[in-house]
Number of protein chains: 2
Amino acid sequence: MTRVDGRVERGNRTRRLVLRRTVEIASVEGLEALTVGRLAAELELSKSGVFALFGSKQELQLATIREAVRIYTERVLRPAAETPPGLGRLWRLCELWLEYSRSRVFPGGCFFYGAMAEFDARTGPVHDAVVRAQRDWSAHVERTVEEARTAGELRAGTDVAQLAFELVALLETANALSVLHDEESAYGRARVAIAERLRGAAAEGVPLPQSP
Amino acid sequence: MTRVDGRVERGNRTRRLVLRRTVEIASVEGLEALTVGRLAAELELSKSGVFALFGSKQELQLATIREAVRIYTERVLRPAAETPPGLGRLWRLCELWLEYSRSRVFPGGCFFYGAMAEFDARTGPVHDAVVRAQRDWSAHVERTVEEARTAGELRAGTDVAQLAFELVALLETANALSVLHDEESAYGRARVAIAERLRGAAAEGVPLPQSP
DNA sequence: CCTACCGATCGGTAGG
DNA sequence: CCTACCGATCGGTAGG
């Protein structure tokens, strides 16, 4: 059925090559800055060659978002899952996130911060994909908070969604200010605020795993 | 000296007309989406007419940022200055900010959220103008916190910059999530978190002016 | 010599 | 993946 002539494999390799570059460009200049002509020139391919791999500019943007989700999952969500559920995992998740932003896994900082701001007030499939990515991330944080509550490590009256909102706000803003002003002090502020907030929400006798 | 032939006045009026539209477009689609041809078409002017008013696309972007700063100052900073310095003014500043975002003074939400994300990782005069606007806003929040501390309404050991960072994070994220998901619950979360944070930082016996 | 525009067009590039 | 093109639009400027 499938002719093994190397063309499909070569296409997949080129596709990965293109996506490695598009997540970088999009994190710095936005998803609208992804143009087929520019990618072709930079990667020494033809415009129509790049175009054929994705079919449209919108598909290129959607594939770039999927690639960013993949990288983000591998760098933040997967390692945090190695820590047992509870306050320790929640704290680890926040630390991994700050390290993901600070180490510039994407050269323009958190990929989704830029994508959210770029497409938040528009409509269409790209907007929807960005909304889904943010919703999944918020839901993941809420689930991690809920695990800690179920494990008895948070006060009984803890508002899970409220705590998750505050953690996301501190993380996201650390990234935003750090990239904008090209300095790292915002990460320290976020870390201090998160530790303080978790300390306040922790049940009696539950210490934070690694206080800063 | 100045010939009163109405042409200068007409130019100023057209300039204000253009800027009223550019802050709207930029808040939804970004500062790069400002094109002379599009503005000319929408406002039924000639391209060269629009062009002559600003001299270059970059000047159009810079003028748009200045106009947004003017509107922001009028809507948020100026009304807050009517409340006497202290915790009351700080709380009022946060409330005015949330109302500025929620009422969509700019149709795409806070103008500077989008501009920051768009130009944070680039270089040049537009980047610099955005950095300056954010720095001015952070400095204003810090000054307002410092006033409250000086007035004896905050605990002596309060870290002014840390508190300002946390307030900015909660405000900014309320705007971001509200615009992205087109719903208002994030404003309530920010309000709850800010009230709680200010309650924790308040000196003994100092009540919050309007608890939610 | 100034301004605020006009219709037309410059060299290049966009998505397809 | 290629060359060869399209309709349109980009930022910017010409003379009047």
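## Exercises on a predicted protein–DNA model

A polar side-chain atom of Thr14(A) lies 2.4 Å from a phosphate oxygen of DNA strand D. The model is predicted, so that local features need pLDDT of at least 70 and side-chain atom pairs count only at pLDDT 80 or more, whereas totals for chains, interfaces and linings use all residues. Side-chain values use heavy atoms, with hydrogens and water left out.

**Exercise 1.** Describe the protein surface near DNA strand D and its polar contacts.

*Solution.* Start with the residues near the strand, where near means that a heavy atom of the residue lies within 4 Å of it. There are 15 residues around DNA strand D, and those that come nearest are Thr14(A), Ser46(A), Ser48(A), Lys47(B) and Lys57(B). Of the atoms of DNA strand D that come within 4 Å of the protein, 49% belong to sugar and phosphate.

Next, sort this surface by class: it has seven polar, five nonpolar and three charged residues, where Asp, Glu, Lys and Arg count as charged, Ala, Val, Leu, Ile, Met, Phe, Trp, Tyr, Cys and Pro as nonpolar, and the others, Gly among them, as polar.

Then turn to individual atom pairs, for which a polar contact is a pair of N or O atoms within 3.5 Å.

**Exercise 2.** Determine how chain B is related to chain A, and through what surface they meet.

*Solution.* Superpose the copies by least squares on the C-alpha atoms of residues with pLDDT of at least 70 in both. Chain B is laid on chain A with an RMSD of 0.1 Å by a turn of 180° and a shift of 0.0 Å along the axis, which is the relation of a two-fold axis. The C-alpha of chain B nearest that axis belongs to Ala169(B), at 2.7 Å.

Now count contacts, taken as heavy atoms within 4.5 Å: 35 residues of chain B are in contact with 35 residues of chain A. Because 100% of the interface residues of chain B are also interface residues in chain A, the copies meet through the same surface.

Finally, take the buried area, the accessible area (1.4 Å probe) that two parts lose on being put together, summed over both. Between chain B and chain A it is about 3100 Å², of which carbon and sulfur atoms give 66%. In chain B, the most area is lost to chain A by Phe165(B), Leu180(B) and Arg189(B), together 23% of what that side buries.

How values were computed
Residues numbered from 1 in each chain as written. Chains lettered and ligands numbered in written order. Polar contact = N/O pair within 3.5 Å; in protein donor to acceptor, adjacent residues only side chain to side chain.
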